[in-house]
Amino acid sequence: MQNLDSIGTQIRNLREAAEMPLRKLAASLDIDQSTLSKIERDERKPNAQMIEQIAKIFKTDKKALLVTFYSDLVAYEIQEENSFSEILQVAEAKIEYQRTKTKKSK
């Protein structure tokens, strides 16, 4: 089953499970403690590089964290659209087309 928690919630859960203080994780990521706090409360978004660092720090599945990270970005952008399902289908088709096109040009 998919984890539907936001990336911020997942980061907080990982940190709390490791009994790591907010300040220590923030220092490891080279960001302010207040910035990390906002990320954990979903008031700010992390970047992909941070997600990769977090996966290393907590020795967890980088792919699963990146899936959550990118799905949060997409969901945030299209959540108000009535045709979000169609948007996602077309986006998936475009990605497949671009990948096929890129493979042919190599």
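Predicted model: local features only at pLDDT ≥ 70, side-chain atom pairs only at ≥ 80, totals over all residues.
## Basis of the model

Residue numbers start from 1 along each chain as its sequence is written. Local features need pLDDT of at least 70 and side-chain atom pairs count only at pLDDT 80 or more, while totals for chains, interfaces and linings use all residues, and side-chain values use heavy atoms, with hydrogens and water left out.

## Helix 2

Helices are DSSP runs (H or I, at least four residues), numbered from the N terminus. In helix 2, the residues Leu22, Leu25, Ala26 and Leu29 are buried (under 20% relative accessible area, with exposed being over 50% and partly exposed in between; 1.4 Å probe, protein chains only). Viewed down the axis of helix 2, these buried residues fall within an arc of 100°, so they line one face of the helix; the arc is that of the directions from the helix axis to the C-beta atoms.

Arg23 and Ala27, on the other side of helix 2, are exposed. The buried residues of helix 2 pack against helix 1, helix 3 and helix 4 (contact means heavy atoms within 4.5 Å).

## Helix 3

Helix 3 spans residues 33–40, and its Thr35, Leu36, Ser37, Ile39 and Glu40 are buried. Their packing partners are helix 1 (7–17), helix 2 (22–29) and helix 4 (48–58).

## Positive phi angles

Most residues other than glycine have a negative phi. Glutamate 19, in the loop between helix 1 and helix 2, has a positive phi near 55°. Glutamate 19 counts as exposed because its relative accessibility is 73%.

Aspartate 42, in the loop between helix 3 and helix 4, has a positive phi near 65°, and at 32% relative accessibility aspartate 42 counts as partly exposed.

Technical notes. Helix = DSSP H or I, 4+ residues; strand = E, 2+ residues; numbered from the N terminus.
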